[in-house]
Amino acid sequence: MPEEILLMDNITKVYANGFVANKDVTLSVNKGEIHALCGENGAGKSTLMKVLFGSETPEEGRIVIKGEEVKINNPLEAIALGVGMVWQHFMLCPSLTIAENLILGMEPKKFGKFGPLNMAQANKVAQEACEKYGFKLDVTRKVEELAVGNKQKVEILKALIRGAEILILDEPTAVLTPQETAELFVQLRHLKELGHTIIFISHHLDEVKELCDRLTVLRLGKSVGTAIVADVTQQDISRMMVGRDVMLKIDKTKAQPTETVLKIRDLTYKDEEGRDIVKGFSASVRKGEIVGIAGVEGNGQREISEIITGLLPLNNGEITIDGQSIRGKSIRQIREMGVAHISEDRMTYGCSENLSVKDNIISDRYYKKDYKQGPLMNNKKLDSEVDELIKEFLVKCGDRNEPVRMLSGGNMQKVVVAREFSGDTRLIVANQPTRGIDVGATEFIRRKLVELRDGGAAVLLITADLNEALELSDSLVVMCGGEIVAYFEDASQVTDFILGEYMLGLKRMSDEEIGRVCYD
Amino acid sequence: MTSKQIEKRFDFFKTVLCVLISFVIAFILILLVSKDPFETFKVFLIGPLQSVRRMANVIELAIPLTFCGVGVAIMYSANQFSMITQSSFFLAACLSSWFAIYVKLPRGLHSLLVILMGAIIGGAIAAVPAFMKVKWKASEVVSSLMLNYIVNNFVAYFLIYVFKDKDAGFNASYEFHKSAKLTVLIKGTRIHTGIIVCALVVVFAYLLLYKTKWGYAIRAVGQNQDFAKYSGIAVASVMMYSQIIGGIISGIGGSVEMMGLFTRFTWEAPPTYGNDALMVGILARYNPAMVPLSALFLAYIRTGADVMSRVTDMPIEFVFIIQGVVIMLVAADMFLAKWKHKLIVKNAQKQIAVKEVAK
Amino acid sequence: MLEQIFSTLFSWATLKAALRFTTPILLASLGAIFTARAGVLNLNLEGTMLAAALGGVLGCHYGGSLWTGILAAILVGVLIAAILAWDGIYMKSNMVLAGTALNTFVSGLTIFVLFMITGEKGTSTKLTSYKMPSIDIPLIKDIPVLGEILSGHSILTYFAFICVFIAAFLLFKTAIGLRIRAVGENSDAAESVGVNVKRIKAMSLIICGFFASLGGAYLSMDYVTWFQREMTSGRGFIALAAMNLGNSHPVGTMLAAMLFGAAEAIATILQSLKIPYQLVLMIPYFVTLIGLIVYAIRREAKIKKLRMSR
């Protein structure tokens with residue numbers, strides 16, 4: 001009879017802006033197993049793990065560890081209870097050595113409490129831990145010199161050295177090469193043999209199949225079920241993950257696309273660490289259609305949207321808008337070509353929280369001739385336009401002078417779209433336009449996108465939300481690992497199951513089938 | 001009441017409270033030193049009001065403080081913490097004097113030329129740290145501080161080796177031409193036409209910051225650089241011109257001060273207006289329209305301290321203590337933050353309750 | 001004339017003077033290393049030094065010994081640093097404003113206190129201050145040229161150079177040093193393992209206050225033996241620049257501080273030769289500006305190299 005080491009029972013977490021991230025989620029993990037936690041982006045996996053690690057406090061539910069009900073108020077308490085977390089973004093200090101990173105906060109000292117560091121002891125402890133857990137690392141090396149896979153090992157060791165029995169790994173393979181992934185699996189199995197329990201968060205079903213004993217699937221903030229991995233196929237898991245509730249039905253007619261507006265050819269992009277993020281991406285978007293790019297986040301979609309809009313440089317490949325290349329153009333020049341951009345990062349790029357609603361809405365047009373009045377801005381005209389936009393986009397705010405930080409998430413996003421959807425828009429690049437906002441605002445923004453399409457705009461919709469991809473797109477591109485893995489000319493013919501299989505990398509179309517994504 | 005109104009009221013109240021705290025400290029200091037503390041404190045508080053001459057002093061002192069304060073307001077609105085106002089003011093005062101000595105022009109035109117030169121010089125020196133920041137990401141704070149020391153030495157050199165009047169008997173330049181001087185506006189005081197220039201600059205800066213596209217860009221960059229970049233604003237150029245405009249305005253201040261109050265250039269060391277401007281700017285919350293008020297306030301306590309040091313036994317420098325305390329408290333975001341939060345939450349709950357009742 | 005300048009400039013006395021000028025800058029810049037490593041911008045070195053300089057004189061006068069002077073200097077300096085920590089770290093003031101405001105505060109306070117005690121506002125001639133003893137180093141003092149340069153300095157000058165090792169030890173060999181470096185580099189990482197980031201930042205300011213106040217004590221207890229208003233005359237900011245130039249490493253910072261000390265020594269000598277010394281006094285600041293640029297360019301190159309190597 002397997003012993004239950006962790007039980008998260010009926011966890012409900014509601015964020016301050018009213019977003020329900022977890023609703024009665026139950027997760028039961030046995031000692032010594034590798035337990036997969038699967039679900040789409042936004043299904044509530046991260047929130048659930050944050051609750052377990054003490055970074056978020058749940059509204060309802062209880063956590064039982066080794067048979068004892070516990071309250072976890074902060075990460076330190078979680079660590080004390082034997083819960084360790086390996087973040088996707090490493091929490092390491094690059095200029096320190098591996099050993100220094102490992103013992104930070106629990107430094108061994110010579111000659112009593114206030115004595116100097118005992119680095120020899122620290123190195124010894126670190127080296128012993130490496131040997132015990134089967135990591136081949138030279139603990140005196142600096143972290144900045146390490147490859148990503150080794151950095152991750154340090155991160156795992158950091159949790160183990162603090163006595164972690166339950167180890168949470170948040171999409172650990174996302175940053176690794178295939179060889180590093182294989183190595184990681186060997187080590188995780190070794191940890192399992194040593195009696196550690198591992199919670200493995202992943203989108204890669206083949207990895208889940210290969211590594212894990214049992215799995216729990218979350219969907220839309222609720223737990224769908226738990227299964228023994230050996231008993232289910234990848235298709236079964238995929239079906240559990242992507243089944244959808246059609247809550248929002250957006251009425252739209254068939255698209256009447258005309259000439260090509262956006263043309264992307266052979267776009268590639270490497271990140272700062274030299275990894276290939278976008279590998280030879282080509283696509284076209286025509287006037288009067290919505291082309292969706294569906295895919296799990298972090299597969300190159302964000303970079304594509306930022307290259308089109310000028311936030312990232314166009315190095316290799318070619319992008320034209322109405323036949324004009326965007327190479328060497330500034331962000332403002334690209335915007336003046338009629339490009340609107342909803343960034344996935346609302347709080348950094350989308351709006352400026354201390355500026356007023358008005359100042360947020362006019363940021364892309366304040367300098368234009370239409371708003372000039374001698375040397376000044378024509379504030380009367382700007383005010384009346386802003387007021388109209390507030391009304392048209394149903395922004396709930398005191399008045400146009402209220403700072404944006406005082407609005408709810410949905411209203412903030414409405415301020416963003418009020419700016420981006422007004423003006424002479426030829427092309428809209430909408431990246432996760434409705435993420436993390438309430439249903440009302442979501443429906444409103446989706447309707448607006450369709451309206452704009454009917455008004456003759458070309459729309460490139462990037463989304464990890466299957467509902468959104470299927471409801472809105474006229475044709476649909478699926479991305480995985482920086483490449484297009486599927487293209488559906490008519491998105492209405494696609495089911496969520498099929499889409500899920502492509503998104504999760506279970507299937508891939510031939511190059512000829514994908515080739516139809518370009519019309520020329 | 002909206003949350004925004006509460007915030008505004010709270011900020012105003014906090015500023016007043018900070019000033020009051022520093023006054024209490026001032027009183028304690030006076031208690032420590034003075035033989036007749038109440039009389040001394042009274043002189044400090046109402047001394048400037050006791051004669052027309054002193055009231056005029058307050059206004060005369062507020063003029064350079066306003067120029068530098070407006071300069072600070074513009075630079076800091078763009079989140080550029082350059083300390084260059086000091087140098088812009090000092091260098092412009094020195095070098096533009098050269099044009100008051102060696103150039104001859106009709107009255108009015110001559111003053112204009114000198115002020116224009118001050119503007120150019122003030123802007124040019126401010127461009128240095130701005131350029132270093134944009135080009136090499138060197139901190140404008142440190143580089144402007146270094147420049148201040150270079151300028152101090154340069155001006156001392158210039159005074160002694162370039163335009164010193166050997167017959168003056170002390171370190172002073174030759175006399176300015178009368179045609180370059182600004183005329184006195186109010187008989188019996190030294191209040192000069194520079195006050196008009198000052199008013200124009202305040203209006204200009206206010207319009208620039210809140211009513212023009214350039215000012216909008218300054219505020220957008222100051223609040224969130226990423227947002228500004230995403231919106232298509234050329235962030236580097238905004239960093240550049242916000243600092244240069246700040247320098248130009250401080251430079252005008254230097255020339256106006258020289259042509260308004262002096263007949264020769266005699267400053268071997270810089271006046272402290274550049275640093276004082278920090279306080280003027282932060283008390284005005286970087287709003288140029290409020291700068292004259294906070295400049296008047298600082299000029300008032302300075303004059304008060306001056307009067308006090310002359311008629312009683314207190315040193316004038318104790319205003320620096322007050323100044324330091326005020327800035328430290330006003331700048332402290334967390335100071336009274338819990339209270340502010342409570343007010344806002346309470347208000348929000350009240351509003352929700354009102355809505356429920358209405359339903 | 002030119003010959004005379006050169007012979008004076010490159011004399012051993014100049015080098016000796018350079019070490020003297022280096023002392024206060026070096027001490028303060030060593031302190032600045034700790035704040036910089038913790039990711040705190042400390043613009044208050046100037047104020048800390050100034051307050052400590054007065055504290056030293058008062059400590060000597062009332063305590064009646066050199067040691068009470070040094071102790072008082074350190075106490076006052078650390079107290080000023082603690083005020084900055086409260087305002088900047090715990091009250092979240094902008095560090096530029098907090099540091100500058102505290103400089104203003106200290107400059108007023110020192111004059112005020114001086115006046116309160118002596119009735120003077122410029123110089124503390126009425127107070128007895130002690131001079132740090134000079135030491136002749138046996139053996140070395142007998143070596144011809146080297147002895148002349150290295151021997152016979154104030155005890156604090158030698159201690160300043162010993163402090164390079166102390167600072168290096170604190171920074172690289174103790175738990176607090178490790179935590180300071182971790183906080184400055186990735187405060188989230190430090191926080192995630194239970195390091196109290198605010199406390200470490202405050203601690204870095206206190207350590208900085210300790211070193212800077214020794215620099216201040218040197219000014220009023222060796223350089224001269226009285227307190228004078230604004231007697232730091234920008235050394236705090238030069239120290240900040242030296243730390244920047246030295247890449248916030250103790251040894252690099254020491255070399256940079258020596259460079260600034262040398263520039264000051266040369267300026268003083270030219271001054272005595274009736275050459276416009278104002279021009280020469282600009283030299284250290286120009287060097288700093290160039291140093292800032294070199295540092296910035298090097299930093300960019302390092303980032304680029306890191307990217308390429310991956």
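In chain C, the buried residues of helix 11 are C:Arg235, C:Gly236, C:Phe237, C:Ile238, C:Ala239, C:Leu240, C:Ala241, C:Ala242, C:Met243, C:Asn244 and C:Leu245. Because 11 of the 11 residues of this helix are buried, helix 11 of chain C is largely enclosed by the rest of the structure. The model described here is a predicted one, and the values that follow are to be read accordingly.

Just after helix 11 of chain C, the backbone at C:Asn247 takes a positive phi of about 60°, although C:Asn247 is not a glycine. Most residues other than glycine have a negative phi. The residue lies in the loop that connects helix 11 (235–245) with helix 12 (250–272) of chain C. C:Lys92 is placed in the loop between helix 4 (66–90) and helix 5 (95–118) of chain C, and 16 other C-beta atoms within 10 Å make C:Lys92 partly exposed.

Taken as a whole, chain C has a secondary structure of 14 helices and 2 strands. For a chain of 310 residues, a compact globule would have a radius of gyration near 19 Å, and the 20 Å computed for chain C agrees with this. Along the principal axes, the C-alpha atoms of chain C fill a box of roughly 60 × 50 × 40 Å. Of the 310 residues of chain C, 55% count as buried, and among contacts in chain C with a separation of 6 or more, 73% are accounted for by residues 24 or more positions apart.

The interface between chain C and chain B brings 41 residues of chain C into contact with 39 residues of chain B. On the chain C side, two or more residues are given by each of helix 4, helix 5, helix 11, helix 13 (277–281) and helix 14 (283–309), and helix 5 of chain C gives the most, with 15 residues. By class, this side of chain C consists of 28 nonpolar, 10 polar and 3 charged residues.

For chain B, an unreviewed UniProt entry places the feature "transmembrane region" at several stretches, including residues 88–105 and 144–163. Over residues 88–105 of chain B, the model is 83% helix and 0% strand, with the end C-alpha atoms 25 Å apart. Over residues 144–163 of chain B, the corresponding values are 90% helix and 0% strand, and the end C-alpha atoms are 26 Å apart.

Chain B is also touched by chain A, with 23 residues of chain A in contact with 17 residues of chain B. The elements of chain A that give two or more residues to this side are helix 10 (331–336), helix 11 (346–350) and strand 18 (376–377), and the largest share, 3 residues, comes from helix 10 of chain A. The residues on this side of chain A divide into 12 nonpolar, 7 polar and 4 charged.

Chain A itself is assigned three domains, namely domain 1 (4–242), domain 2 (259–338 + 426–520) and domain 3 (351–423). The centres of domain 1 and domain 2 of chain A, taken over C-alpha atoms, are separated by 33 Å, and 15 residues of domain 1 are in contact with 18 residues of domain 2. Helix 8 (residues 234–242) of chain A provides the largest share of the domain 1 side, 5 residues, and the residues of that side divide into 6 nonpolar, 7 polar and 2 charged.

Chain A further contains an open sheet of 4 strands in the order 12-11-14-15, with antiparallel pairing. Its edge strands are strand 12 (276–286) and strand 15 (324–325) of chain A, each of which pairs on one side only. Strand 11 (residues 260–270) and strand 12 of chain A run antiparallel and are joined by 7 bridges, and A:Lys270 stands opposite A:Asp276, the latter in strand 12 of chain A.

Technical notes. Residues are numbered from 1 along each chain as its sequence is written. Chains are lettered from A and ligands numbered from 1 in the order in which they are written. This is a predicted model: local features need pLDDT of at least 70, side-chain atom pairs count only at pLDDT 80 or more; totals for chains, interfaces and linings use all residues. Two residues are in contact if their C-beta atoms, placed from the backbone, lie within 7 Å. Ala, Val, Leu, Ile, Met, Phe, Trp, Tyr, Cys and Pro count as nonpolar, Asp, Glu, Lys and Arg as charged, and the others, Gly among them, as polar. A residue is buried if 20 or more other C-beta atoms lie within 10 Å of its own, exposed if 12 or fewer, and partly exposed in between; C-beta atoms are placed from the backbone. Domain bounds come from an automatic or database domain assignment. The radius of gyration is taken over C-alpha atoms; the globule rule is 2.2 Å times the number of residues to the power 0.38. UniProt positions are given in the numbering used here, feature names are shortened, and annotations may be inferred rather than shown by experiment. Two strands pair if DSSP finds at least two bridges between them.
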